[in-house]
Amino acid sequence: MVYPAHMLPVLEGIIARRVLLNYRADPAVVQNLLPRPLQVEQRNGHAIVGICLIRLESLRPRGVPSAMGMSSENMAHRVAIRYPTTSGMEPGVFIWRRDTDQRLMELLGGRALPGVHAKADFKVEEDERRLQMRVTTNNGEADVALRVGYSEGWKPTTSFSTFAEASAFFQQGDCGFSCSLRGDKLEGMQLRTLQWSLQPLGVESVESAYYSNEARFPAGSIEFDCGLVMRGVPHQWHELRDVPEMASA
């Protein structure tokens, strides 16, 4: 185990909207995309990868008035994993890349706080029933377009037969890891939701440049599974003090 250098204060705010677009993928393909010693978490024989699109509001150090907080649209491409701890393997997520519309997050990410962020453009149309979003990233490498509906019931999928199964699976992935700015070590953050309020999401269409790249995910190795959403949830970000040491290649 190693001790990170950021010493970040606890951050708090509101998750105005958090959309989870989830895919099932070939575990062997995904394992090859992970740094050691992280291991793929399997669900019914599949790896669960996805896109987290999250709007944060009033984000600020704990104790600072909410009026002084920052708002941002953010995106993470991630996968459910298991990582080693002193008490055994634990569930978490690994983030391949992060994108944000907030210049400050881009500047601080990987430097003053864990998590390297690239700058992206977010175009959002939203009301109480529907959300349409298009995210444009550097060189188009992780562009995303989606149309979803909020007022939808749960439909069983290959990975999750019930909504309760899906909710429990994603609730356990609160510790997230990613590579440092230099790519030579892992950094970690824990997302603590002060209430857990997840709902099914009706996905009408979704396009993902990252997951449709066959150099990364060969044809037939990945398929869309389900969508989920949470809205209006108070939360905190805690830097993880102990993270797995990245094994050399």
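I shall speak about a pocket, a helix and the aromatic side chains, in that order.

Please bear in mind that this is a predicted model.

I begin with the largest pocket, which has a volume of about 200 Å³. Two elements each give two or more residues to the lining of this pocket, namely β4 (46–61) and α2 (103–108). The lining consists of L8, L11, L59, R60, P61, M70, L104, M105, L108, A112 and L113. By residue class, the lining divides into 10 nonpolar, no polar and 1 charged.

I turn now to helix α3, which spans residues 163–171. Which of the residues of helix α3 are buried? They are A166, S167, F169 and F170. Viewed down the axis of α3, these buried residues fall within an arc of 165°, so they line one face of the helix. What does that buried set pack against? The partners are the strands β1 (11–25), β3 (42–43), β4, β5 (70–85) and β14 (222–230).

Finally, the aromatic side chains. A search of the whole structure finds 13 aromatic pairs. In the pair formed by F169 and F170, the ring centres are 5.2 Å apart and the planes lie at 80°; with planes over 60 degrees apart counting as edge-to-face, the pair is therefore edge-to-face. Both of these phenylalanines, F169 and F170, are buried. Elsewhere in the list of aromatics, Y23, F94, W96, Y210, Y211, F217 and F224 form one cluster.

Thank you for your attention.

Definitions and conventions. Residues are numbered from 1 along each chain as its sequence is written. This is a predicted model: local features need pLDDT of at least 70, side-chain atom pairs count only at pLDDT 80 or more; totals for chains, interfaces and linings use all residues. Side-chain values use heavy atoms; hydrogens and water are left out. On a 1 Å grid over the protein atoms alone, a cavity is a set of points where a 1.4 Å probe fits but cannot get out, and a pocket is an open set with protein on both sides within 12 Å along at least five of seven lines; lining residues have an atom within 4 Å of a point. Grid points are joined across faces, edges and corners, and a volume is the space filled by probe spheres set on the points. Helices (H or I, at least four residues) and strands (E, at least two) are DSSP runs, numbered from the N terminus. Ala, Val, Leu, Ile, Met, Phe, Trp, Tyr, Cys and Pro count as nonpolar, Asp, Glu, Lys and Arg as charged, and the others, Gly among them, as polar. Buried means under 20% relative accessible area, exposed over 50%, partly exposed in between (1.4 Å probe, protein chains only). The arc is that of the directions from the helix axis to the C-beta atoms. Contact means heavy atoms within 4.5 Å. Rings of Phe, Tyr and Trp (its six-membered ring) pair if their centres lie within 6.5 Å; planes under 30 degrees apart count as stacked, over 60 as edge-to-face and the rest as tilted.
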